[in-house]
Amino acid sequence: MVGASVSNAAFFPLHAGSTTSIDIRLAVAAVAGLAATLGMTVAMRLQSRGYVPAYVAASALWRRPPERISWSAANAVHIVAGMLAGVLFEVLVITAERLRLALGIGVEVVVAGVISVVELVALGLVALFLYGFFAWVVFPRYGGVAFESAAETVRRQWAVSVAVYAPLVFATLTVVHRSLPV
């Protein structure tokens, strides 16, 4: 594989140090999720129907049509979902680490010296969950007029937004972890 290497030096992901506790990792993941969500918001705002998912997600929670959701409610749900997605990424990576240790697997494949395969898979799973859960579960049920009139446009623009989120959450995690004193 071009740009890949195999490492057995550590059981910890590249974005976090080996001495970083799980509670710190989860807190950093929430902050990284927030930062990535703010970056994703820029991408959403640049698209014609890019912010529809925030209103639809809030409508699912408040059981109101998206057209009756306030900007602050939509934004709050959007931000919390982004923070939770950051935590989900870290939980997936921690789970994979624990599984590797339990199975005695001492080899980790690193892609381009930047990201491990486990981290790459976890990012992919988070992105698929963010896209799939909204596009195929929440949106059809709570999308209202937006779903009836522009379902494919909203789904496509949501896919672009998720594609912005995933690398941003990883980059933010990496930068924050590498600047931590622990």
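Start by selecting arginine 141, which is exposed (over 50% relative accessible area, 1.4 Å probe, protein chains only) because its relative accessible area is 63%. You are looking at a predicted model, where local features need pLDDT of at least 70, side-chain atom pairs count only at pLDDT 80 or more, and totals for chains, interfaces and linings use all residues. Residues are numbered from 1 along each chain as its sequence is written, and side-chain values use heavy atoms, leaving out hydrogens and water.

Arginine 141 sits in helix H4 (helices are DSSP runs, H or I, of at least four residues, numbered from the N terminus).

Select Leu88, Phe129, Phe133 and Val137 along with Trp136 to see a nonpolar surface patch of about 490 Å². Helix H4, residues 117-142, gives the most to this patch, with four residues.

Finally, turn to the largest pocket, which holds about 460 Å³ of space. Of its 21 lining residues, Ala57, Val77, Ala81, Leu130 and Phe133 are the closest to the centre. Which helix supplies the largest share of the lining of the largest pocket? Colour H3 to find out: eight of the residues come from there. By class, the lining has 19 nonpolar, two polar and no charged residues.

How values were computed
Patch = residues over 30% accessible without salt bridge, like charges linked within 9 Å, V, L, I, M, F, W, Y side chains within 5 Å. Areas by Shrake-Rupley, 256 points an atom, 1.4 Å probe, with all protein chains shown as cover. Salt bridge = Lys/Arg side-chain N within 4 Å of Asp/Glu carboxyl O. Helix = DSSP H or I, 4+ residues; strand = E, 2+ residues; numbered from the N terminus. 1 Å grid on protein atoms, 1.4 Å probe; cavity = no way out; pocket = protein on both sides within 12 Å on 5 of 7 lines; lining within 4 Å. Points joined across faces, edges and corners; volume = space filled by probe spheres on them. Nonpolar A, V, L, I, M, F, W, Y, C, P; charged D, E, K, R; others polar. Buried < 20%, exposed > 50% of the residue type's maximum accessible area, 1.4 Å probe, protein only.
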